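Some labels put on a structure rest on a value and a cut-off.

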Amino acid sequence: MKYKGTLIVVKDCKRALKFYSDMFGFQLLQDNDGNMELTNNLYLQESGYWEQFTKRSVIPNSNQSELYFEEPNIEQFVERLETLYPEIEYVNYLMTHSWGQKVVRFYDMDGNLIEVGTPL
């Protein structure tokens, strides 16, 4: 068995691709009409397909898991996020943990939780 990556459910793959490209540099590898493969092993699937296949509803903002990224220039990242996506919902604004790592947590437009922190 081989781990292939992480699939997240989104309302609109093209909109999500733009966000993940703008903010994290992901690029499209394959587009299968509502199912996309991006660089770095991230997969997008539109909610209509996911709900049809699984017979379950999507639960946005569930806080069950998160996509985790590291960024040495986190202040610049947050500035770009606020400029390009001012409507983003934050879980916590830029903060510093007791061990010295700076982090910001927010939801993408589809309620997938993202954490960006400085390298440990």
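Q: What classes of residue make up the lining of the largest pocket?
A: In this predicted model, the lining has 9 nonpolar, 9 polar and 2 charged residues. The pocket holds about 390 Å³ of space. Its lining counts 20 residues, and those closest to the centre are Val9, Ile59, Ser62, Ser65 and Asn112. With 4 residues, β1 gives the most to this lining.

Q: Why is asparagine 40 called exposed?
A: Exposed means over 50% relative accessible area. Asparagine 40 has 60% relative accessibility, so it counts as exposed. This residue sits in the loop between β3 and β4.

Q: What makes the phi of asparagine 40 worth a remark?
A: The phi is positive, about 65°, although asparagine 40 is not a glycine. Asparagine 61 also has a positive phi, near 55°, and is a residue other than glycine.

Q: Why is asparagine 61 called partly exposed?
A: Buried requires under 20% and exposed over 50%, with partly exposed in between. Asparagine 61 has 29% relative accessibility, and therefore counts as partly exposed. Its place is the loop between α2 (47–54) and β5.

Q: How do you know what kind of pair tyrosine 20 and phenylalanine 26 form?
A: A pair of aromatic rings is described by the distance of the centres and the angle of the planes. Rings pair if their centres lie within 6.5 Å, and planes over 60 degrees apart count as edge-to-face. The centres of tyrosine 20 and phenylalanine 26 are 6.1 Å apart and the planes are at 85°, so the pair is edge-to-face. Both tyrosine 20 and phenylalanine 26 are buried.

Q: How many aromatic pairs are there in the structure, and which residues do ring pairs link into a cluster?
A: There are 13 aromatic pairs. Ring pairs join Phe19, Tyr20, Phe24, Phe26, Phe69, Phe77, Tyr85, Tyr90, Tyr93 and Phe106 into a cluster.

Q: Which residues have the most contacts inside the largest nonpolar core?
A: They are Phe19, Tyr20, Phe24, Leu44 and Phe106, in a core of 27 residues. Elements that each supply at least two residues of this core include β1 (6–10), α1 (13–24), α3 (74–84) and β7 (102–107). The largest share, 7 residues, comes from α1.

Q: What is phenylalanine 106 in contact with, leaving aside its neighbours within four places in sequence?
A: Contact means heavy atoms within 4.5 Å. On that basis the partners of phenylalanine 106 include Phe19, Phe24, Phe77, Leu81, Tyr90, Leu113 and Val116. Glu89 and Asn112 are also among them.

How values were computed
Residues numbered from 1 in each chain as written. Predicted model: local features only at pLDDT ≥ 70, side-chain atom pairs only at ≥ 80, totals over all residues. Heavy atoms only, no water. Core = buried A, V, L, I, M, F, W, Y, C linked by side-chain atoms within 4.5 Å. Buried < 20%, exposed > 50% of the residue type's maximum accessible area, 1.4 Å probe, protein only. 1 Å grid on protein atoms, 1.4 Å probe; cavity = no way out; pocket = protein on both sides within 12 Å on 5 of 7 lines; lining within 4 Å. Points joined across faces, edges and corners; volume = space filled by probe spheres on them. Nonpolar A, V, L, I, M, F, W, Y, C, P; charged D, E, K, R; others polar. Phe/Tyr/Trp six-rings, centres within 6.5 Å; stacked < 30°, edge-to-face > 60°.
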